[in-house]
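Q: I have a chain open here and would like to go through it with you, starting with side chains and then turning to packing. Could you take it piece by piece?

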Amino acid sequence: MILFFLLLFGLLVTVNHARMLQRAQGMVGAPYGERERLWRRHQALNGTLWVFLFLAIVAAEFFFSYGATKMMPLPGVVLIAFGFILVVWSRLILGRSGAMGIRWFLPEKVAAWETRGPYRVLANPMYDGFILVLLGLGFWFGTAENFVLALASFLLLSVYLARTENHGHNDQIF
């Protein structure tokens with residue numbers, strides 16, 4: 001039941017985020033003030049939803065791992081560490097506004113498409129990092145739920161959301 005809730009909530013958050021980005025892409029010629037209002041609304045609403053989703057996943061880990069036996073702790077720790085590094089590194093490069101997608105709402109505030117650090121070889125290293133963390137948790141604790149969440153994250157983030165974000169720039173999903 002918890003896994004179903006997480007999958008449903010994750011789907012809704014991702015779709016809402018993508019719809020706001022698509023709306024912003026359609027407002028290219030709109031006045032700055034109108035785009036800025038949409039940006040603030042997007043940041044407040046979707047930023048809050050992403051935080052709640054993250055907290056829900058962290059809380060669910062306690063239920064997923066209860067009674068689970070450790071399957072492969074070393075590969076799990078390595079995947080978690082590498083995934084965490086990708087997420088933090090990407091976040092440091094993008095900053096809060098970049099991670100929330102300011103380039104679709106107010107492109108004049110963004111210098112260029114990001115190509116530093118992991119962005120030189122990965123289109124969406126933050127998404128890849130989330131997937132690696134979930135895979136690592138699955139290996140470490142032997143929890144099938146984390147493998148399901150990793151697959152759902154791949155489909156929702158690396159396939160669906162990345163196509164919206166990279167529209168017109170890059171069709172690479174990894």
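**Charged pairs, cores and helix contacts**

Q: Let's start with Arg-35: does it count as buried or exposed?
A: Arg-35 counts as buried, at 9% relative accessibility, where buried means under 20% relative accessible area, exposed means over 50% and partly exposed lies in between, with a 1.4 Å probe and protein chains only. This is a predicted model, in which local features need pLDDT of at least 70 and side-chain atom pairs count only at pLDDT 80 or more, while totals for chains, interfaces and linings use all residues. Residues are numbered from 1 along each chain as its sequence is written, and side-chain values use heavy atoms, with hydrogens and water left out.

Q: Which side chain meets Arg-35 in a salt bridge?
A: That of Glu-108, with 3.0 Å from N to O; a salt bridge here is a side-chain nitrogen of Lys or Arg within 4 Å of a carboxyl oxygen of Asp or Glu. The pair links distant parts of the chain, 73 residues apart, since Arg-35 sits in helix α2 and Glu-108 in the loop between α4 and α5 (125–141). Helices are DSSP runs of H or I with at least four residues, strands are runs of E with at least two, and both are numbered from the N terminus. Glu-108 is partly exposed, at a relative accessible area of 48%.

Q: How many salt bridges does a search of the whole structure find?
A: Two. One of them joins Arg-40 to Glu-36, with the closest N and O atoms 3.1 Å apart, and both residues lie in helix α2, four residues apart, which is about one turn of the helix. Arg-40 counts as exposed, at 52% relative accessibility.

Q: Changing topic, which residues in the largest nonpolar core touch the most other members?
A: Those are Leu-38, Trp-39, Phe-105 and Leu-161, out of 16 residues in that core. A nonpolar core is a set of buried Ala, Val, Leu, Ile, Met, Phe, Trp, Tyr and Cys residues joined through side-chain atoms within 4.5 Å. Two or more residues come from each of α1 (2–25), α2 (32–65), α4 (102–105) and α6 (144–165), and α1 gives the most, with four residues.

Q: And what does Leu-38 touch?
A: Leaving out residues up to four places away in sequence, Leu-38 touches Met-20, Arg-23, Ala-24, Met-27 and Phe-105, contact meaning heavy atoms within 4.5 Å. Another core, of 11 residues, lies apart from the largest one, and its members include Phe-9, Val-13, Phe-64 and Leu-134.

Q: On to helix packing: at roughly what angle do the axes of α2 and α3 cross?
A: They cross at roughly 105 degrees and come within 8 Å, α3 being residues 73–100. Axes are lines fitted to C-alpha atoms, for helices over the stretch in contact, and angles run from 0 to 180 degrees between N-to-C directions. The two helices are therefore roughly perpendicular to each other; angles of 65 to 115 degrees count that way, those under 35 as roughly parallel, those over 145 as roughly antiparallel, and the rest as oblique.

Q: Which residues make that contact?
A: From α2 they are Trp-39, His-42, Gln-43, Asn-46, Gly-47 and Trp-50, and from α3 they are Arg-96, Ser-97 and Met-100. By class there are three nonpolar, five polar and one charged, with Ala, Val, Leu, Ile, Met, Phe, Trp, Tyr, Cys and Pro counted as nonpolar, Asp, Glu, Lys and Arg as charged, and the others, Gly among them, as polar.

Q: How do α5 and α6 lie to each other, roughly?
A: The axes of α5 and α6 come within 8 Å and cross at roughly 175 degrees, and these helices are therefore roughly antiparallel. Among the residues that meet are Phe-130, Leu-134 and Leu-137 in α5 and Phe-147, Leu-157 and Leu-161 in α6. This contact has 14 nonpolar, four polar and two charged residues.

Q: Last one: what is Ile-80 in contact with, leaving aside its neighbours within four places in sequence?
A: Ile-80 contacts Leu-132, Val-133, Gly-136, Leu-137 and Trp-140.
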